[in-house]
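Here is a short briefing on one protein chain. Keep the 3D view open and find each residue as it comes up.

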Amino acid sequence: MKKYVYIVTDSNRTSMHVGMSDDLTKTLAFYKSMPSLFFDQGQQLSRLVYFEEQKSEELALRRFKAISHFTRLQKEKLVRNYNPDWLDLSKNFGVVSAIQSTAQQPNQARLFASL
């Protein structure tokens with residue numbers, strides 16, 4: 001079973017949240033439907049700026065814990081390496097998922113950055 005480790009942020013990049021999910025589409029829909037779940041409305045965490053796919057829950061959990069312990073600067077560097085313009089990757093997630101399954105690249109965020 002595939003697992004995703006991801007980073008979401010608000011439109012101003014003020015807040016960043018690291019998460020783990022087995023259904024990224026459903027998780028993103030939840031974030032967008034609950035605008036003030038974690039923060040006030042101005043800091044709605046609705047922009048997927050980074051994600052990676054792991055082949056097992058154990059690997060995903062290890063990676064989640066590692067990224068969660070990153071400093072803010074380390075998280076920003078991780079995002080900039082794969083998504084230099086901080087684009088909202090969730091807008092094309094369904095399209096890229098289909099492309100990714102045939103491309104078999106190790107990091108899907110790279111595909112989003114090229115769209």
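E57 is partly exposed, with a relative accessible area of 47%. This is a predicted model.

**The chain as a whole**

- The chain has 5 helices and 3 strands.
- Read from the N terminus, the order of elements is β-β-α-β-α-α-α-α.
- The chain has 115 residues, and 40% of them count as buried.
- Take the contacts between residues at least 6 apart in sequence: 62% of these join residues at least 24 apart.

- Side chains of opposite charge can pair when their charged atoms come close.
- How many salt bridges does the whole structure hold? The search finds 7.
- One of them joins K3 and D22, with the closest N and O atoms 4.0 Å apart.
- K3 belongs to strand β1 (residues 3-9), while D22 lies in the loop between β2 (16-21) and α1 (24-33), so this bridge ties together parts that are 19 residues apart in sequence.
- Is K3 buried or exposed? K3 is buried, at a relative accessible area of 10%.
- D22 is partly exposed, at 43%.
- E57 also forms a salt bridge with K3, and here too the closest N and O atoms are 4.0 Å apart.

**A second bridge, R63 to E52**

- R63 forms a salt bridge with E52, with the closest N and O atoms 2.7 Å apart.
- This pair links distant parts of the chain: R63 is in helix α2 and E52 is in strand β3 (residues 47-54), 11 residues apart.
- R63 is partly exposed, with a relative accessible area of 26%.
- E52 counts as buried, at 6% relative accessibility.

- An α-helix has 3.6 residues a turn, so residues three or four places apart point the same way.
- Which residues of helix α3 (residues 72-82) are buried? They are K75, E76, L78 and V79.
- Seen down the axis of α3, these buried residues fall within an arc of 160 degrees, so they line one face of the helix.
- The face turned away from the buried side of α3 carries the exposed residues L73, K77 and N81.
- What covers the buried residues of α3? The cover includes β1, β2, β3 and α2.

**S90, a buried loop residue**

- S90 lies in the loop between α3 and α4 (93-103).
- S90 is buried, because its relative accessible area is 15% and buried means under 20%.
- The side chains of S90 and D88 are joined by a polar contact of 2.6 Å.
- Set aside the neighbours within four places in sequence, and S90 is in contact with L28, K32, S46 and L48.

Conventions
Residues are numbered from 1 along each chain as its sequence is written. This is a predicted model: local features need pLDDT of at least 70, side-chain atom pairs count only at pLDDT 80 or more; totals for chains, interfaces and linings use all residues. Side-chain values use heavy atoms; hydrogens and water are left out. Helices (H or I, at least four residues) and strands (E, at least two) are DSSP runs, numbered from the N terminus. Buried means under 20% relative accessible area, exposed over 50%, partly exposed in between (1.4 Å probe, protein chains only). Contact means heavy atoms within 4.5 Å. A salt bridge is a side-chain nitrogen of Lys or Arg within 4 Å of a carboxyl oxygen of Asp or Glu. The arc is that of the directions from the helix axis to the C-beta atoms. A polar contact is a pair of N or O atoms within 3.5 Å; within protein, one must be able to donate a hydrogen and the other to accept it, and residues adjacent in sequence count only if both atoms are side-chain atoms.
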